[in-house]
Structure formats: structure tokens, C-alpha cells
Amino acid sequence: MSREESGLWIAYFGECCVLLSVALQTRPTDVLRVVSSFLTAIRKLIEFLPKVVFHSIQPAKSLVRLAEQIGRHRTLMSPYAYIAVCDLLRVLAASAIPHVVRKELHRAAYYLLDATGRREMPVLNSRLSPEERDVFRSIYAAYVAKHKFSGKA
């Protein structure tokens with residue numbers, strides 16, 4: 001991929017994340033009606049992520065903002081967030097991603113884990129390969145230590 005092409009894809013990735021985020025923020029009940037399409041779009045973005053993160057950290061930051069919006073709508077997205085967590089873990093386990101970008105993707109995973117319901121955690125664990133489970137263990141330990149209870153009284 002040339003530098004010019006990667007710049008276009010990075011911009012496209014960011015715009016898709018913004019569009020999904022705004023849809024969830026302004027029309028959460030409408031998003032629930034088309035949740036399968038919403039999740040398919042998120043899954044495709046996560047699948048495409050390794051192709052663009054070597055050129056810029058911006059796609060990872062866009063994904064963090066989208067994941068943060070999903071985390072804010074945990075009651076709505078709880079039954080579905082684990083699917084995005086699985087896809088993100090698959091990318092983290094299979095790809096050689098730069099450390100700076102990996103840290104941002106961990107932040108996205110934290111917000112998605114915020115949205116994942118207690119009943120969905122066993123399903124999440126059952127869908128992971130051994131490599132993905134190793135990545136999940138380290139992310140979940142950091143999530144509990146640094147993120148889960150921060151800012152809560």
C-alpha cells in the first residue's frame with residue numbers, strides 16, 4: 001500500500017468510527033434495531049486495523065473513541081460487546097503491532113470490557129483460541145488493576 005493510499009484508508013477508517021460513534025450517541029435505540037449491521041461494521045473495522053496501524057496511530061485512537069461510546073451504552077450493548085472484544089483479541093494475538101498502537105488498542109479493549117455483561121464473559125472465554133486467551137489474561141489483569149474501578153465511589 002502506497003503512502004497516499006494508506007492516508008486515504010486512515011481517513012476512511014477514522015470517518016467510519018466517527019459515524020458509528022455518532023449513531024450510537026444520538027440514536028441508541030435505532031442502533032439496537034440494526035445491531036447486526038452495527039456490529040458487522042465494527043468487526044470489519046477491527047479486521048482491517050492491522051493494514052493501517054503501521055502508518056499512523058490515528059486509526060487506533062479512532063477505535064478507542066468508538067469503544068468509549070460503546071462503553072457508555074453498556075446496558076444497550078452488553079449482549080454484543082464481547083463480539084468486538086473477541087475480534088480485537090484476535091488482531092492483537094495474530095499481528096505484530098507497534099507498542100504505541102498496542103497500548104491504544106488495550107484502551108479500546110478496556111472500554112469494550114466495560115460494556116461486556118457478566119453473562120457474556122463465559123461466552124467470550126469459550127470463543128478464544130489459546131493465543132487469544134493469553135492476550136486476554138494480560139489485558140484483563142491490567143483492566144482490573146488500572147481501569148475497572150477507577151473513578152467509582
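His73 touches Leu24, Gln25 and Pro28, residues up to four places away in sequence not being counted; contact here means heavy atoms within 4.5 Å. The position of His73 is in the loop between α4 and α5 (74–77), where helices (H or I, at least four residues) and strands (E, at least two) are DSSP runs numbered from the N terminus. At 17% relative accessibility, His73 counts as buried; buried means under 20% relative accessible area, exposed over 50%, and partly exposed in between, with a 1.4 Å probe and protein chains only.

The structure is a predicted model, in which local features need pLDDT of at least 70 and side-chain atom pairs count only at pLDDT 80 or more, whereas totals for chains, interfaces and linings use all residues. Residues are numbered from 1 along each chain as its sequence is written, and side-chain values use heavy atoms, with hydrogens and water left out.

The protein contains 9 helices and 0 strands, and its elements follow the order α-α-α-α-α-α-α-α-α from the N terminus. The C-alpha trace spans about 45 × 35 × 30 Å along its principal axes. For 153 residues, a compact globule would have a radius of gyration near 15 Å, and the value of 15 Å for the protein agrees with this; the radius is taken over C-alpha atoms, and the globule rule is 2.2 Å times the number of residues to the power 0.38. Of the 153 residues, 48% are buried. Among contacts between residues at least 6 apart in sequence, 79% join residues at least 24 apart.

Individual positions illustrate the arrangement of the helices. Ser62 lies in helix α4 and is buried, with 5% relative accessibility. Its contacts, not counting residues up to four places away in sequence, are with Gly14 and Cys17. Tyr12 is placed in helix α1 (residues 3–26) and counts as partly exposed at 48% relative accessibility. The C-alpha atoms of Tyr12 and Pro59 are separated by 9.2 Å, although these residues are 47 apart along the chain. Val144, in helix α9, is likewise assigned to the partly exposed class, at 32% relative accessibility. Between the C-alpha atoms of Val144 and Ser95, which are 49 residues apart along the chain, the separation is 24 Å.

The structure holds 0 disulfides, a disulfide being a pair of cysteine sulfur atoms within 2.5 Å. Cys16 is in no disulfide, and the nearest cysteine sulfur, that of Cys17, is 7.1 Å away. Cys16 counts as buried at 18% relative accessibility. Cys86 is also in no disulfide; for Cys86 the nearest cysteine sulfur is that of Cys17, 19 Å away. With a relative accessible area of 2%, Cys86 is buried.

Grid points are joined across faces, edges and corners, and a volume is the space filled by probe spheres set on the points.

By this rule, the count is 1 cavity of 30 Å³ or more. The largest cavity has a volume of about 40 Å³, and its lining consists of Ile42, Ile46, Leu63, Leu66, Ala67, Ile70, Ala84, Ala108 and Leu112. Two or more lining residues come from each of α3 (35–52), α4 (58–72) and α7. Helix α4 gives the most to this lining, with 4 residues. The lining of the largest cavity comprises 9 nonpolar, no polar and no charged residues; Ala, Val, Leu, Ile, Met, Phe, Trp, Tyr, Cys and Pro count as nonpolar, Asp, Glu, Lys and Arg as charged, and the others, Gly among them, as polar.

The largest pocket has a volume of about 220 Å³. Its lining is formed by Leu113, Asp114, Thr116, Gly117, Arg118, Met121, Tyr140, Tyr143 and Lys148. At least two of the lining residues are supplied by each of α7 (99–115) and α9 (130–147). By class, the lining of the largest pocket divides into 4 nonpolar, 2 polar and 3 charged residues.

Notes: On a 1 Å grid over the protein atoms alone, a cavity is a set of points where a 1.4 Å probe fits but cannot get out, and a pocket is an open set with protein on both sides within 12 Å along at least five of seven lines; lining residues have an atom within 4 Å of a point.
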